[in-house]
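Biologist: I would like to learn how to read the features of a protein model, one at a time. Could you take me through them slowly, giving the general idea before each case?

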Amino acid sequence: MYWNGHNMNGWGWFTMSFGTVLLWALLITVGVLLYRSLNGTSKTPQPPPPSSAEQLLAERFARGEIDEEQYRRSLAVLRGNGPTLTKH
């Protein structure tokens, strides 16, 4: 421990100080990571709740999956004033 005869030069003080700061940073980092893993605060965010039927229909129309005529028919059915299917 005292191999230099109890006389520490500037580099010795610098190395000792840097090592101490590095040790504390490592201990704090491990503590924070352990706290997060035990508390579950680093969980991935949940997906948003599903949209309403009209919003999903509008998104499909915007992406070009359905044409305007199909969009209008489906929207009318969803709102309750569209054609209804009857069984024969």
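Modeller: Let us begin with a pair of residues in one helix, where helices (H or I, at least four residues) and strands (E, at least two) are DSSP runs numbered from the N terminus. Arg73 and Glu69 are 4 residues apart in helix H3, so about one helical turn separates them. This is a predicted model, in which local features need pLDDT of at least 70 and side-chain atom pairs count only at pLDDT 80 or more, while totals for chains, interfaces and linings use all residues. Residues are numbered from 1 along each chain as its sequence is written, and side-chain values use heavy atoms, with hydrogens and water left out.

Biologist: What do the side chains of Arg73 and Glu69 meet in?

Modeller: Side chains of opposite charge can pair when their charged atoms come close. The term salt bridge is used for a side-chain nitrogen of Lys or Arg within 4 Å of a carboxyl oxygen of Asp or Glu. Arg73 and Glu69 meet in such a salt bridge, with 4.0 Å from N to O. A residue is called buried under 20% relative accessible area, exposed over 50%, and partly exposed in between (1.4 Å probe, protein chains only). By these limits Arg73 is partly exposed at 46%, whereas Glu69 is exposed at 53%.

Biologist: How many salt bridges does a search of the whole structure find, and which residues are linked in a network?

Modeller: The search finds 5 salt bridges, and the network links Arg60, Arg63 and Glu65. Glu65 has its closest contact with Arg63 at 2.9 Å between N and O atoms, and the side chains of Glu65 and Arg60 meet at 3.1 Å, N to O. Of these residues, Arg63 is exposed, with a relative accessible area of 53%, while Glu65 is partly exposed at 47% and Arg60 is partly exposed at 35%.

Biologist: How should I read aromatic pairs, and how many does the structure hold?

Modeller: A pair of aromatic rings is described by the distance of the centres and the angle of the planes. Rings of Phe, Tyr and Trp (its six-membered ring) pair if their centres lie within 6.5 Å, and planes under 30 degrees apart count as stacked, over 60 as edge-to-face and the rest as tilted. The structure holds 3 aromatic pairs. In one of them, the rings of Phe14 and Phe18 have centres 6.2 Å apart and planes at 15°, so the pair is stacked. Phe14 and Phe18 are 4 residues apart in helix H1, and are therefore separated by about one helical turn. Phe61 and Tyr71 also form a stacked pair, with 4.7 Å centre to centre and 20° between the planes. Because Phe61 lies in helix H2 (residues 53-63) and Tyr71 in helix H3, the pair ties together parts that are 10 residues apart in sequence. Tyr71 is buried, with a relative accessible area of 17%, whereas Phe61 is partly exposed at 32%.

Biologist: What span should the 12 residues of H3 have?

Modeller: The expected span of a helix is 1.5 Å times one less than its number of residues. For H3 this should give 16 Å, and its end C-alpha atoms are 16 Å apart, which agrees. Helix H1 (residues 10-39) has 30 residues and reaches 43 Å from its first C-alpha to its last, close to the expected 44 Å.
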